[in-house]
Amino acid sequence: QKAPTMATIKTPANLTASERAALANAAAQIGIPSDWLFGLIKTESGWVPNVKNPNGSARGLIQWVDKTAKALGYASSLDLVTKHPTRESQLLGPVVAYLKKWGPIGSPEELAAVNFYPANRRKLDAPLPAEAQRVNPGIVTVRDYFKKYMAKNIPGYVAASPAVALAVVGVAGFF
């Protein structure tokens, strides 16, 4: 059976109780809020565990490429998703293994960087190399990727800014 691609999938409406528990467990092991991990996976795979990027080797919930899968001990990204065919299995296995090694992860933008372009995890506004920009049209920095794709998939996420922080402090002072 051919793996679905991002062009052919629809994001699931909800997760089962056991999948929500696995999400919470994985997020706790990584040290991040569940909402951040939910948003990353919704962005990367639409929560389809065997989805494949038609333009490369990326597969699975967080779109592991062959090189990353090999670094995690698998023969390829196909081997990884074959050995972890469910959402729960990927969450509690390779998702935790991969993201935990980058901890601590201090923001959803940094989580996006760790997954999308780890070399820039602490340089969110630094230009990506020309090749990365070429294969991701319109994405110049990791923050561009986060704003364009991931931010909208984190339930309740509002980008913090100095103006928002002052407004919140000012409003809180009235109560």
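Buried residues, meaning those under 20% relative accessible area with a 1.4 Å probe and only protein chains counted (over 50% is exposed, in between is partly exposed), make up 41% of the 175 residues in the protein chain. This is a predicted model, so local features need pLDDT of at least 70 and side-chain atom pairs count only at pLDDT 80 or more, while totals for chains, interfaces and linings use all residues. Residues are numbered from 1 along each chain as its sequence is written, and side-chain values use heavy atoms, with hydrogens and water left out.

As for the overall build, the chain has 9 helices and 0 strands, taking helices as DSSP runs of H or I with at least four residues and strands as E runs with at least two, numbered from the N terminus. The accessible surface comes to about 9,400 Å², and 60% of that belongs to carbon and sulfur atoms; these areas come from the Shrake-Rupley method with a 1.4 Å probe, and for residues only the protein chains shown count as cover. Among contacts (heavy atoms within 4.5 Å) with a separation of 6 or more, 49% link residues 24 or more positions apart.

Let's start with a helix pair. Two packed helices are described by the angle between their axes and the distance between the axes. For α1 (residues 17-30) and α5, the axes come within 9 Å and cross at roughly 10 degrees. That makes α1 roughly parallel to α5. Here axes are lines fitted to C-alpha atoms, for helices over the stretch in contact, with angles from 0 to 180 degrees between N-to-C directions; under 35 degrees counts as roughly parallel, over 145 as roughly antiparallel, 65 to 115 as roughly perpendicular and the rest as oblique. By class, this contact has 9 nonpolar, 3 polar and 4 charged residues, where Ala, Val, Leu, Ile, Met, Phe, Trp, Tyr, Cys and Pro are nonpolar, Asp, Glu, Lys and Arg charged, and the others, Gly among them, polar. On the α1 side the residues include Ala22, Leu23 and Ala26, and on the α5 side they include Leu91, Leu92 and Val95.

Helix α5 (87-100) also turns up beside α6, whose buried residues pack against α2, α5 and α8 (142-150). How many residues of α6 (residues 108-116) are buried? The count is 9 of its 9, with Leu111, Val114 and Phe116 among them.

Now look at α2, where Thr43 has its place. Thr43 is buried at 15% relative accessibility. Its side chain reaches the backbone oxygen of Gly39 at 2.7 Å and makes a polar contact with the side chain of Asn153 at 2.8 Å. A polar contact is a pair of N or O atoms within 3.5 Å; within protein, one must be able to donate a hydrogen and the other to accept it, and residues adjacent in sequence count only if both atoms are side-chain atoms.

The loop between α2 (34-45) and α3 (66-71) holds Pro49, and also Trp47 and Gln63. Phi is positive at Trp47, near 70 degrees, and at Gln63, near 60 degrees, and neither is a glycine. Trp47 is buried at 1% relative accessible area, and Gln63 at 12%. Pro49 is buried too, at 15%. Leaving aside neighbours within four places in sequence, Pro49 contacts Gly60, Leu61, Val81, Pro85, Thr86, Arg87 and Gln90. Pro49 and Gln90 are 41 residues apart in sequence, yet 7.5 Å apart in space, C-alpha to C-alpha.
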